[in-house]
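I am opening a notebook page on this structure and will write down what I looked up, in the order in which I looked.

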Amino acid sequence: RIAARISDNLKNGLLTHLKSDVDLEVKRVLTPKDLLRAEKSKQALRKKLAHAKAVKTKAAEKAKQSDVRSAVKNSMNKALNGVYEAEKKAKEADKKRAAAAHHASSSSSSSSS
């Protein structure tokens, strides 16, 4: 019961305070100086938002470029590794052919003796 009473008092107090704030704002007459201040504030807020959007866009573009660079780098590495592996296999095949040819020539020379 005590918690419910405190909750009601708090709610009523907040509503009363909010209502009085709204009444003050509604009845208040804005002077030209106040209007100018409000307009400058809106312009400053727009400027801040535009700057934040530009920074966010620039960061997104930079991340996208970084992703493209990484993809290009990875594909180049794969291509170079493929070339290296193909060259390595070709050298091994050449060595095997040379060894087989040498073995064949040494076998034929030993059989003719």
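**Entry 1**

I began with D94, which is partly exposed, with a relative accessible area of 43%. I note for the record that the model is a predicted one. I then looked for a partner of D94 and found that its side chain meets that of R97 in a salt bridge, at 2.8 Å from N to O. R97 is exposed, its relative accessible area being 55%; the cut-off for that word is over 50%. Both residues belong to helix 2, and because R97 and D94 are 3 residues apart there, about one helical turn separates them.

**Entry 1: further salt bridges**

I searched the whole structure for contacts of this kind, and the search returned 5 salt bridges. Among them is the one between E39 and K42, whose side chains meet at 3.6 Å, N to O. E39 and K42 are 3 residues apart in helix 2, so about one helical turn lies between them.

Another of the salt bridges joins D34 to R37, where the closest N and O atoms are 3.3 Å apart. D34 and R37 both lie in helix 2, at a spacing of 3 residues, which is about one turn of the helix. For D34 I recorded a relative accessible area of 24%, which puts this residue in the partly exposed class, given that buried would require a value under 20%.

**Entry 2: the chain as a whole**

Which secondary structure elements does the protein chain contain, and how many of each? I counted 2 helices and 0 strands. The radius of gyration of the chain is 41 Å, well over the 13 Å that the globule rule gives for 113 residues, so the chain is more spread out than a compact globule. I also looked up the box filled by the C-alpha atoms, which is roughly 125 × 50 × 10 Å when taken along the principal axes. Of the 113 residues of the protein chain, 0% count as buried. The accessible surface comes to about 10,700 Å², and carbon and sulfur atoms account for 62% of that surface.

**Entry 3: helix 1**

I turned next to helix 1, which has 26 residues and reaches 37 Å from its first C-alpha to its last, close to the 38 Å expected at 1.5 Å a residue.

**Entry 4: distances from points in helix 2**

- A44 has its place in helix 2 and counts as partly exposed at 41% relative accessibility. Its C-alpha atom is separated by 39 Å from that of S70, a residue 26 positions away along the chain.
- A63 is found in helix 2, which covers residues 32-112, and is partly exposed, with a relative accessible area of 39%. A63 and A99 are 36 residues apart in sequence, and their C-alpha atoms are 53 Å apart in space.
- G82 is found in helix 2 as well and, at 38% relative accessibility, counts as partly exposed. Between G82 and H103, which are 21 residues apart in sequence, I noted a C-alpha to C-alpha distance of 31 Å.

Notes
Residues are numbered from 1 along each chain as its sequence is written. This is a predicted model: local features need pLDDT of at least 70, side-chain atom pairs count only at pLDDT 80 or more; totals for chains, interfaces and linings use all residues. Side-chain values use heavy atoms; hydrogens and water are left out. Helices (H or I, at least four residues) and strands (E, at least two) are DSSP runs, numbered from the N terminus. Buried means under 20% relative accessible area, exposed over 50%, partly exposed in between (1.4 Å probe, protein chains only). The expected span of a helix is 1.5 Å times one less than its number of residues. The radius of gyration is taken over C-alpha atoms; the globule rule is 2.2 Å times the number of residues to the power 0.38. Accessible areas come from the Shrake-Rupley method with a 1.4 Å probe; for residues, only the protein chains shown count as cover. A salt bridge is a side-chain nitrogen of Lys or Arg within 4 Å of a carboxyl oxygen of Asp or Glu.
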